[in-house]
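Here is a short briefing on one structure.

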Amino acid sequence: MKRFIALFLLLAYLPATGWAIDQQLAFEDPAWQSRYEELNAGLRCLVCQNQTIADSNASLAVDLRGQVKEMMIAGKTDKEILDYMVARYGNFVRFQPPVNNETIFLWAAPAVMVLGGLLIALSIVRRRSNLPVGDEDETPVGGDA
Amino acid sequence: MWRFLIPMALFAILVWFFNQGLGLDPRKIPSPLIGKPAPEFSLPVLGEKDRMVAMSDFRGQVVLVNVWGSWCVACREEHQVLLGIAASGAVPIIGLDWKDQDADAENWLRSLGNPYTVTLVDEGRAAINFGVYGAPESFLIDKQGIIIHKHTGPITWEAWQQEILPMVVKAKEAT
């Protein structure tokens, strides 16, 4: 049983380890390789639907990975590489859109919705708790409120 | 009364958003390069590999840079329109043969006709600098070397007549 659980955990973890898509490692230094993978994971493959260039073998993704690698070797910082991509492909190339005037609604929406839901729930609970105790008896069975 | 009106109103708003979304093309991505100088490049000419042509060589004239490849199916559809544009003499078209085999590209131009004033061979670097993500894409560049328009996907005769040609005329009039 223990073995089975161990195997299960191992398999469950497998997809998260993320096999590198390149045939070979781009860098021998693991620190550089992980920086390379991190940069790739933040860049959208523009010809795929909702994939990063780390996930795709589309030829454009291969080219962009090559560009990332080359710029890293040239000593560019992460920010310089990102800015380079954004200057050419726009903010769409970033897998995580930045918070700015255009996207603030997108980023704020979940919080607004949760807060709105809480307010509605609160108002319903308040109203119900103000009802006279005997009121429930008058509600027909199965009816809501 | 409100109890029904509010959800109905919310539902109507939702439907409006979905309806707007239906009309959007997920492949249309605005180019941040409009209004910016066209990226500089120096690329070999197809068929004359020793001759290099640079973006700056076209300073002072309005040009249409067309990114294509013989592997690109939509480019075949666009090719007839490009031939028509070339025949009209409205604007010189610079071909950027993208990620292609030279022999295939030469064959293509021989058998289908050549609309390009010059065809340059790009392995991918120039296309990245132009923010290209799929062929065909076309960039209209003014006399100062500024990108004034980007057309994603094949240019249709309607798009040429209604969108691009008026911009070409205007750009040619400007000094």
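A salt bridge is a side-chain nitrogen of Lys or Arg within 4 Å of a carboxyl oxygen of Asp or Glu. B:Arg125 forms one with A:Glu70, with the closest N and O atoms 2.8 Å apart. The model is predicted.

**Interface of chains A and B**
- Between chain A and chain B, the count is 2 salt bridges.
- Residue pairs in polar contact between chain A and chain B number 6, both partners being at pLDDT 80 or more.
- On the side of chain A that touches chain B, helix 3 (59-73) and helix 4 (78-89) of chain A are the elements that give two or more residues.
- Helix 3 of chain A gives the most to that side, with 6 residues.
- In contact terms, 17 residues of chain A meet 16 residues of chain B.
- About 1400 Å² is buried between chain A and chain B, and carbon and sulfur atoms give 53% of that area.
- In chain A, the most area is lost to chain B by A:Asp63, A:Arg88 and A:Tyr89, together 37% of what that side buries.

**Nonpolar surface patch in chain B**
- B:Met1, B:Trp2, B:Leu5, B:Ile6, B:Leu10, B:Ile13, B:Trp16 and B:Phe17 form a nonpolar patch on the surface.
- Together these residues have about 970 Å² of accessible area.
- B:Ile13 lies in helix 1 (residues 2-22) of chain B.
- B:Ile13 is partly exposed, at 46% relative accessible area.

**B:His149**
- B:His149 lies in strand 7 (residues 147-152) of chain B.
- With a relative accessible area of 15%, B:His149 counts as buried, because the cut-off for buried is under 20%.
- Beyond its neighbours within four places in sequence, B:His149 is in contact with residues including B:Ile34, B:Phe139, B:Glu163 and B:Met167.

Terms used
Residues are numbered from 1 along each chain as its sequence is written. Chains are lettered from A and ligands numbered from 1 in the order in which they are written. This is a predicted model: local features need pLDDT of at least 70, side-chain atom pairs count only at pLDDT 80 or more; totals for chains, interfaces and linings use all residues. Side-chain values use heavy atoms; hydrogens and water are left out. Patches are made of residues with over 30% relative accessible area and no salt bridge: like charges are joined within 9 Å, nonpolar side chains (Val, Leu, Ile, Met, Phe, Trp, Tyr) within 5 Å. Accessible areas come from the Shrake-Rupley method with a 1.4 Å probe; for residues, only the protein chains shown count as cover. Helices (H or I, at least four residues) and strands (E, at least two) are DSSP runs, numbered from the N terminus. Buried means under 20% relative accessible area, exposed over 50%, partly exposed in between (1.4 Å probe, protein chains only). Contact means heavy atoms within 4.5 Å. Buried area is the accessible area (1.4 Å probe) that two parts lose on being put together, summed over both. A polar contact is a pair of N or O atoms within 3.5 Å; within protein, one must be able to donate a hydrogen and the other to accept it, and residues adjacent in sequence count only if both atoms are side-chain atoms.
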